[in-house]
Amino acid sequence: MHTDEPLQRLEDARALAEAGRPHDAIRQLRTALEQHPRYAFFPRAQALVSDLKRSAGDHLREARVAVLGTHTTALLMPVLEAVCLRDRIRVELYLGMYGAVDQEVLDPASGLGTFSPQIVFLLTHWRDLQLPAVVDDPSAYVERVVADRRALWDRLGERFGCHVVQCGFDFPVEESFGYLAGTLAGGRTRVLGLINDAMQQTAPPHVSILDAASLQRQIGNEHWQNATMWYGFRQHPSSEALPAFVDLMSAHLRAVLGLTRKVLVTDLDNTLWKGVIGEDGLAGIEVGPGSPAGEACQALQSYMLDLKSRGVLLAVCSKNNPDDARLPFEQHPGMRLRLDDFAAFRANWDDKAANLSAIARELSLGLDSVVFLDDNPMEREWVRSQHPDVVVVELDRAPLRYVADLDRGRYFFSLSLSVEDRARAEQYRTEAARKQLHASAGSLETFLAELQMEASAAPVTSANLARVTQLINKTNQFNLTTRRYTERQVAELASAPNGWACAFHLCDRMGDYGLIGVMLCRPHSDQARWEIDTWLMSCRCLGRQVERFMFDRLVEAARMQGIHTITGVYRATPKNGMVARLFDELGFRLTSETDDAREYELDVPAIAAPLASHIRDVSGRAPDDGLAIRLQELPL
Amino acid sequence: MTRIAFTSALEDILSVPHGSLQHTDTRDTVPGWSSIVDVQILSYISSEFGLDPDMALLEAESIGDLLQVLAERRAISD
């Protein structure tokens with residue numbers, strides 16, 4: 001990539017916006033931002049970003065984000081706004097008063113209180129601690145610093161139910177004690193590291209730690225801070241480091257908002273191996289030891305295998321003869337990836353944009369879950385033009401930097417790893433077996449019966465809270481209200497007296513789907529009434545009548561708790577049309593209707609019999625029943 | 001980078017129309033040129049030209065001053 005390319009794209013975007021083509025302008029701008037431009041790009045782009053943010057349509061996720069810093073944070077604003085537009089987030093930003101973090105958090109009348117953030121960044125750095133070169137009692141010191149942090153985190157959680165991203169401490173660039181700062185028990189470098197470790201280990205679920213120290217190492221001390229800008233303006237980190245710093249902030253934002261990508265779709269020729277299999281043959285392609293390009297391609301495959309092990313799905317989209325495309329996976333000794341590592345494999349001569357749509361359908365995922373990797377700039381541009389929701393990775397011309405290019409985007413950054421994440425690839429493989437069974441079953445009834453499904457309903461507890469929150473934040477299709485919550489907010493809802501919060505687990509004879517559905521009901525002032533706040537289900541178990549099972553458990557619980565009426569609302573989004581009529585189908589009565597919402601009511605005593613006839617209820621035998629502590633028993 | 005290109009970049013940063021800035025323009029004549037914009041301009045210069053902002057840059061008051069300092073450091077040309 002030429003260093004001026006992002007700037008050229010910025011000019012193109014400006015021209016497109018002026019010509020009344022905002023969506024094309026956004027595409028140009030996103031491509032420029034995927035190329036990770038240096039800081040100079042951002043102040044020039046800020047006016048255009050503000051304009052385009054307004055015309056980007058309703059497919060952006062809304063987020064109210066507060067940035068509280070002990071130093072100048074104003075320079076972050078244009079960078080964060082632009083990066084958020086790139087990442088499909090319409091961010092509303094609040095910048096706290098300079099150096100007044102405690103006041104903002106603790107004062108009930110602060111601007112932060114009026115803003116009421118969903119996510120708060122606490123930006124601190126090593127100078128804030130005024131740490132001496134050697135601390136007398138390092139354990140006590142670390143404990144005190146972390147206790148102060150925890151008090152702020154707790155207060156923020158109590159006031160706003162928000163997620164907190166705490167910036168970890170970086171290290172002094174100039175260190176008078178040099179080597180000793182890391183070796184002496186109370187040495188400054190050592191103590192800062194201990195503080196970071198302690199924050200990481202003790203952070204409650206609504207807090208994540210932004211690893212500034214790693215970023216500092218990656219960027220290098222020379223570029224991390226600028227003495228003139230620090231002493232002159234209290235600017236930290238340097239403008240040179242700022243884009244990478246904001247990239248890391250945005251990775252936390254995406255993870256909290258459930259925007260982490262789920263599938264990596266890769267090209268083959270000159271991407272997974274060097275060369276063209278259809279022309280060069282098995283002996284002519286390079287992958288593995290023997291050439292720098294071959295080693296780099298093998299390293300990319302190893303990186304992808306690691307992604308797979310943490311739940312990222314892999315898929316192939318290649319213009320190739322199918323048999324040629326499979327050959328290296330079956331016979332080349334340098335290949336790390338095997339055919340069964342892929343959840344979908346499309347090698348043909350069709351248009352790649354169409355193939356990506358087909359892959360997304362096959363995996364029951366939206367295109368906004370997809371990251372696309374292809375060495376060919378024309379294919380990348382084509383996919384961008386056809387699928388604005390797909391992230392298309394900008395790759396270097398040679399494969400040597402492919403891993404770095406893919407890693408830099410942090411597309412799969414997540415804050416927790418659930419059992420479901422680890423098992424995902426296996427789940428998609430069993431799904432393929434289910435599809436075969438479906439094809440041979442003849443009728444839906446026979447298919448459902450042959451699946452031998454078992455499901456359970458269990459309370460939302462400390463054991464499943466992370467997964468429940470993850471589902472709430474990333475489920476788009478089967479989601480009646482598409483309300484997004486932090487872990488803390490879910491915990492509060494789940495622990496509300498007289499409400500009902502339930503997590504659903506499904507398995508069948510092919511395998512275990514894991515935790516796949518959530519229902520949250522709020523109590524009403526009329527004690528015989530519940531309001532369905534959230535009802536969602538993973539797209540992996542659509543078409544199994546699981547929604548009926550969930551409904552049956554809802555009615556059962558309502559009866560047990562003396563609830564006579566359940567209200568629910570369908571809030572339309574561009575993605576949840578599949579559940580537009582769910583309440584009607586289940587016997588709810590429509591009570592009011594507007595363009596984007598329909599409200600319903602259910603007369604509980606009038607519901608006759610369970611609706612899910614193909615799913616055996618094994619509630620009480622779910623994996624986390626009995627182990628978990630109910631949230632009502634936990635201090636929030 | 002040329003003087004015109006640099007002036008155009010400043011116009012982006014100051015959110016004023018291209019071609020509108022004059023050499024004599026200062027904080028007093030350009031609405032929206034705040035102290036934060038000062039930091040943005042210096043950071044832009046640092047990022048674009050790899051120049052560490054020195055006292056001459058910190059003390060530049062007008063667009064003409066900035067152009068002169070950058071021309072002296074051969075960061076911009078005619």
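At what angle do the axes of helix α1 and helix α3 of chain A cross? The first legend answers this. All views show a predicted model.

**View 1. Helix α1 (residues 5–18) of chain A packs with helix α3 (residues 41–55) of chain A.** The two axes cross at roughly 25°. They come within 11 Å. An angle under 35 degrees counts as roughly parallel, and α1(A) and α3(A) are therefore roughly parallel to each other. The crossing of α1(A) past α3(A) is left-handed. From α1(A), the contact takes P6(A), L7(A), L10(A), E11(A), A13(A), R14(A) and A17(A). From α3(A), it takes F41(A), R44(A), A45(A), L48(A) and L52(A). By class, the residues of this contact are 9 nonpolar and 3 charged, with no polar ones.

**View 2. Helix α20 of chain A packs with helix α21 (residues 444–451) of chain A.** Their axes lie 8 Å apart. The packing angle is about 135°. On the α20(A) side, R434(A), L437(A), H438(A) and A441(A) make the contact. On the α21(A) side, the partners are L444(A), T446(A), F447(A), E450(A) and L451(A). The classes are 5 nonpolar, 2 polar and 2 charged residues.

**View 3. Helix α20 (residues 419–441) of chain A also packs with helix α22 (residues 465–474) of chain A.** The angle is about 65°. The axes are 10 Å apart. E420(A), D421(A) and R424(A) come from α20(A). They meet R467(A), Q470(A) and K474(A) of α22(A). What is the class make-up of the contact of α20(A) with α22(A)? It has 5 charged residues, 1 polar residue and no nonpolar ones.

**View 4. The largest pocket holds about 1,200 Å³ of space.** Its lining counts 47 residues. Closest to the centre are R61(A), T475(A), N476(A), T482(A) and R484(A). Which elements of chain A each supply at least two residues of the lining? They are β1 (61–69), β2 (89–95), α20 and α22. The largest share comes from β1(A), with 4 residues. By class, the lining divides into 14 nonpolar, 13 polar and 20 charged residues.

**View 5. The largest cavity has a volume of about 110 Å³.** How many cavities of 30 Å³ or more does a search of the whole structure find? The search finds 5. The largest cavity is lined by E34(A), H36(A), R86(A), D87(A), R88(A), R254(A), L259(A), R261(A), V391(A), G409(A) and Y411(A). Its lining has 3 nonpolar, 2 polar and 6 charged residues.

View 6. R61(A), Q118(A), I119(A), V256(A) and L257(A) are among its lining residues. N473(A), R484(A), Y485(A), T486(A) and Q489(A) also line this cavity. The classes are 4 nonpolar, 4 polar and 2 charged. R61(A) and R484(A) belong to this lining, and both are also listed among the residues closest to the centre of the largest pocket.

**View 7. A cis peptide bond joins H236(A) and P237(A).** Omega is about -5°. Most peptide bonds are trans. Where does P237(A) sit? P237(A) is in the loop between α12 (227–233) and α13 (242–257) of chain A.

**View 8. In chain B, S15(B) has a positive phi.** The value is near 55°, and the residue is not a glycine. S15(B) is placed in the loop between α1 (3–13) and α2 (35–49) of chain B.

**View 9. R74(B) has a positive phi although it is not a glycine.** Its phi is about 55°. Most residues other than glycine have a negative phi. R74(B) lies in the segment after α4 (63–72) of chain B.

Key. Residues are numbered from 1 along each chain as its sequence is written. Chains are lettered from A and ligands numbered from 1 in the order in which they are written. This is a predicted model: local features need pLDDT of at least 70, side-chain atom pairs count only at pLDDT 80 or more; totals for chains, interfaces and linings use all residues. Side-chain values use heavy atoms; hydrogens and water are left out. Axes are lines fitted to C-alpha atoms, for helices over the stretch in contact, and angles run from 0 to 180 degrees between N-to-C directions. Contact means heavy atoms within 4.5 Å. Ala, Val, Leu, Ile, Met, Phe, Trp, Tyr, Cys and Pro count as nonpolar, Asp, Glu, Lys and Arg as charged, and the others, Gly among them, as polar. Angles under 35 degrees count as roughly parallel, over 145 as roughly antiparallel, 65 to 115 as roughly perpendicular and the rest as oblique. A crossing is left-handed if the near helix is turned anticlockwise from the far one by less than a right angle, and right-handed if clockwise. On a 1 Å grid over the protein atoms alone, a cavity is a set of points where a 1.4 Å probe fits but cannot get out, and a pocket is an open set with protein on both sides within 12 Å along at least five of seven lines; lining residues have an atom within 4 Å of a point. Grid points are joined across faces, edges and corners, and a volume is the space filled by probe spheres set on the points.
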